Amino acid sequence: MESLEGHKLWGGRFSNATDPKLKKLNCSLYTDKRMFAEDIQGSQAYAQCLKEINLLTENEKEEICVGLDRIKIEWQEGSFDIKSGDEDIHTANERRLKELIGQPAMKLHVGRSRNDQVVTDMKLWLKSNLISLKNGVLRLIKTLTVRSNKEIDVLMPGYTHLQRAQPVRWSHYLLRQGAIYSTKLSERNVFLYSSHAWSLKNDCDKLENNFKLLDVMPLGSGALAGNPFPINRNQLASNLGFSKVTENSMQAVSDRDFIADFLFWASMVGIHLSRLAEDLIIFSSKEFEFVIIDECYSTGSSLMPQKRNADSLELIRGIGGSLFGQCCSFMMVLKSLPSTYNKDLQSDKEAMFTTFDKLLSILEITTGTVKTLKVNPEKCKSALSYEILATDVAYYLIRKGVPFRLAHRLAGQVVATAEQQSVSVCDLTLEELKTISSHFEVDIGKVWNYENSIEQYQVIGGTAKNSVLNQIRSLEQWLKNQIPEQDDLNEANKMHWKCTF
């Protein structure tokens, strides 16, 4: 038999060498070698399928699996010797397997293409690693919830348009509540979740959809037409931890929707982290001083000795934007591709790994920054001003029987009168208020109390203390029902991990 030593997997019809610059550009090994374990896992499962249809003997299958185990150890120990002909993780593993066991290695690829191999590897990799991102989000939600519980009595202005709007609790800000009502008649309790914590809880929910796309196995689709040998794809899927198989081979090898969905999901998490970071950057400035960022998450200036910069938050904000850049860039790759596999898709792995790494890093930094920051209750409270109780003036009039639109206009006149006299609204006399509306009585004095203002918002989702405590309790219960932090999960458990929200 003619030797194939030194030949590329695809080199049979070529007589000239590849241009060195193209060879370098074409090589993806230094990116996709990160999937060495998944590539080996898929190859071992595929070898079992080939044995079952008598394309491999039992001995050949065992040789292949043992050889692949050895290759996996070499990758893990950093001793794998990369050679110039290794284009990607698939060719590198196959070349090394041939060095170890000889001819049986040349039988492994029968009916299989790198087109269905790579998309399988990527799905396996994401299935194994999404738990780390989910845990990162859960830890941040827990940190926000713990702070909310401890600091529930801290009052501050709530803002719209970056203008003081109404008094709220700091805890309510951290949670920024939203509600989900149970649709089951037997469940009469209302589940309250929140954001910044709420947006992150929604992110956890959305991760389930991404996992469903990952749980469909493409292996067995060949280059595009399918596999000509009677392999049992359903059994292969089960062996690899997939619940379903793809039903169209052309779609399977070109499908990167699961990558696009992951990149968009990561972009939204990044946006949520960026918005939290922006708030805390503002609140930590000398103009506000609501919070102090711990020195562990701050840096200084090379010129100005007094500076303490919230660089952790600025990096979160900047990296959050770059995640969307990865998403947008990859969507443009997909936009005009013709059917089935095209080499443009080689950029998918860089987008996946870069996004994963960046998101994991800023989740960790966000959690650390939020956990260690100090709140200044006095500064928060001193930022309250009686003008932000103008809505309460309108509510006061409504309770006196004044229609809302008229009450709103009259409350506005109260603010305007105080501004004209350069006094606070609470300093207007009852006589002055009566010139605006006869409905004002001596009990208007009760309006000028921030705690009373906050405590009127007792309804679900409000900023009253009991309402916020209900949010915290419900969010704590939701956290208990999540998959616990299991960064030490073994590979088998990771492979079968399901998002159960």
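## Working through a predicted model

Ala394 counts as buried, at 3% relative accessibility; the cut-offs are under 20% relative accessible area for buried, over 50% for exposed and in between for partly exposed, with a 1.4 Å probe and protein chains only. The model is predicted, so to speak of local features takes a pLDDT of at least 70 and side-chain atom pairs count only at pLDDT 80 or more, while totals for chains, interfaces and linings use all residues. Residues are numbered from 1 along each chain as its sequence is written, and side-chain values use heavy atoms, with hydrogens and water left out.

**Exercise 1.** Work out how many helices and strands the protein chain has, and what share of its residues is buried.

*Solution.* Start with the elements: helices (H or I, at least four residues) and strands (E, at least two) are DSSP runs, numbered from the N terminus. The protein chain has 20 helices and eight strands. Next, burial: of the 501 residues, 49% are buried. Last, contacts, meaning heavy atoms within 4.5 Å. Of the contacts in the protein chain with a separation of 6 or more, 72% are between residues 24 or more positions apart.

**Exercise 2.** Find the helix that holds Ala394, and say which helices its buried residues pack against.

*Solution.* Ala394 sits in helix H15, residues 390-399. Beyond neighbours within four places in sequence, Ala394 is in contact with Ala407, His408 and Ala411. Phe404 is 10 residues from Ala394 in sequence, and their C-alpha atoms are 7.3 Å apart. Now widen the view to the helix: the buried residues of H15 are Ala390, Asp392, Val393, Ala394, Tyr396 and Leu397. They pack against helix H16 (404-421) and helix H18 (450-455). After H15 comes Gly401, with a positive phi near 100°.

**Exercise 3.** Which residues touch the most other members of the largest nonpolar core, and which element gives the largest share of that core?

*Solution.* First the rule: a nonpolar core is a set of buried Ala, Val, Leu, Ile, Met, Phe, Trp, Tyr and Cys residues joined through side-chain atoms within 4.5 Å. The largest one has 67 residues, and Trp170 and Leu359 touch the most other members. Two or more residues each come from helix H6 (114-150), helix H7 (170-175), helix H8 (197-214), helix H11 (257-283), H12, helix H13 (347-372) and helix H19 (465-480). H11 supplies the largest share, 14 residues. Zoom in on Leu359: not counting residues up to four places away in sequence, Leu359 touches Leu133, Trp265, Ala266, Val269, Gly270, Leu273 and Leu323. There's also a second, separate core of 29 residues, with Leu29, Ala47, Ala92 and Ile101 among them. As background, nonpolar side chains in soluble globular proteins tend to be buried together.

**Exercise 4.** How many cavities of 30 Å³ or more are there, and how do the residues lining the largest divide by class?

*Solution.* On a 1 Å grid over the protein atoms alone, a cavity is a set of points where a 1.4 Å probe fits but cannot get out, and lining residues have an atom within 4 Å of a point. Points are joined across faces, edges and corners, and a volume is the space filled by probe spheres set on them. That rule gives two cavities of 30 Å³ or more.

- Helices H3 (36-52) and H5 (89-101) give two or more residues each, and H5 gives the most, four.
- To sort by class, count Ala, Val, Leu, Ile, Met, Phe, Trp, Tyr, Cys and Pro as nonpolar, Asp, Glu, Lys and Arg as charged, and the others, Gly among them, as polar. The lining of the largest cavity then has three nonpolar, five polar and three charged residues.
- The second largest cavity has a volume of about 30 Å³. It is lined by Arg147, Trp170, Leu174, Leu276, Leu280, Val370 and Leu373. By class, that's six nonpolar, no polar and one charged.

**Exercise 5.** Is Thr120 buried or exposed, and which residues does Thr120 contact beyond four places in sequence?

*Solution.* Thr120 lies in helix H6. Because its relative accessible area is 1%, Thr120 is buried. Setting aside neighbours within four places, Thr120 is in contact with Pro218, Leu219, Leu240 and Phe242.

Conventions:
1 Å grid on protein atoms, 1.4 Å probe; cavity = no way out; pocket = protein on both sides within 12 Å on 5 of 7 lines; lining within 4 Å.
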